[in-house]
Amino acid sequence: MQKQMLKLTYIALAFLLSACSLTPDQIDETKNWSPSKLYSEAREEMNTGNYEKAVSHFEKLESRYPFGTYAQQAQMEIAYAYYRQGDQPQALAAVERFIKLHPDHPNVDYMYYLRGLINFNDKVSVFDFLSRQDPTERDPKAAREAFDSFKLLTERFPDSKYTPDASARLAYLVNAMAQYDVHVANYYYRRGAYLAAANRAQAAVKNYPGAPAAEGALYVMIQSYDALNLPQLRDDAERVMKTNFPNSVYFHGGPKKDKPWWQIW
């Protein structure tokens, strides 16, 4: 009898220790939550800036109720939460996953727009390095990908409520990419690579017609052709520049350095 009591004591103690070993982090408070409660709690976490917990709630919502009305919305919310959290790779992966799974979703235009925003606000994109480091050190890959996303949105969904903003950002991106080429052309020119400078500047004019950066590109072409002793090409570039930019600051000592061109957004 005494042995049996001792055995029961050991069993009870084992259960007690096992229960005590469960930390609050191991207890899933959402276990019995309904889809609507999971969604509302996740949104609340989003509103307070707790994006990590919001993502956790949305992921549970999607996995527990994959065919419910909240599942697809949860997928979109996850992408947005990662974007707000600054996790670009995860945000892009979530966007691509949604577009692949639901290409005909009524709100897929928003996902194209979000993909553009993620790249547009990329901290290692053209918008970051133009202010702090030699722009020839990085390629504006994020700017090009943002451009592609916004362009696709405007073409496929011309009536989308996101299209006007996407169009405005497209105009900005065109000049950003043109300006990048002008920076590279100037880089070549400063190092005496005049042919490379002229070619890169010419590419900016050709690939981004109408961009304000074309003014600087044409000036680099004039300087480069002059250094290469190619008077006809220099005169051609100068004639084009005078036709399109008759009051160019480059004809009067160059642009002022008060404010970078890109600080407009």
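## Charges over rings

A charge is said to sit over a ring if NZ of Lys or CZ of Arg is within 6 Å of the ring centre and within 35 degrees of the ring normal. In this predicted model, where local features need pLDDT of at least 70, side-chain atom pairs count only at pLDDT 80 or more, and totals for chains, interfaces and linings use all residues, lysine 242 lies over the face of phenylalanine 251, at 5.9 Å from the ring centre. Arginine 169 lies over the face of phenylalanine 120, with 4.7 Å to the ring centre. Residues are numbered from 1 along each chain as its sequence is written, and side-chain values use heavy atoms, with hydrogens and water left out.

## Aromatic pairs

Rings of Phe, Tyr and Trp (its six-membered ring) pair if their centres lie within 6.5 Å, and the planes count as stacked when under 30 degrees apart, as edge-to-face when over 60, and as tilted for the rest. A search of the whole structure finds 12 such aromatic pairs. One of them is stacked and joins tyrosine 113 to tyrosine 162, at 5.0 Å centre to centre and with 20° between the planes. Tyrosine 113 lies in helix 6 (residues 108-120) and tyrosine 162 in the loop between helix 8 (141-156) and helix 9 (163-190), so this pair ties together parts that are 49 residues apart in sequence. Helices here are DSSP runs (H or I, at least four residues), numbered from the N terminus.

Phenylalanine 120 and phenylalanine 150 form an edge-to-face pair, with 6.3 Å from centre to centre and 65° between the planes. This pair links distant parts of the chain, since phenylalanine 120 belongs to helix 6 and phenylalanine 150 to helix 8, 30 residues apart. Ring pairs also link Tyr110, Tyr113, Phe120, Phe150, Tyr162 and Tyr172 into a cluster.

## Buried and exposed residues

A residue is buried under 20% relative accessible area, exposed over 50%, and partly exposed in between (1.4 Å probe, protein chains only). Tyrosine 113 and tyrosine 162 are both buried, and phenylalanine 120 and phenylalanine 150 are buried as well. Serine 149, which is placed in helix 8, counts as buried at 3% relative accessibility. Apart from neighbours within four places in sequence, serine 149 is in contact (heavy atoms within 4.5 Å) with Tyr112, Arg115 and Gly116.

Leucine 195, found in helix 10 (residues 194-207), is by contrast exposed, with a relative accessible area of 52%.

Notes:
Helices (H or I, at least four residues) and strands (E, at least two) are DSSP runs, numbered from the N terminus.
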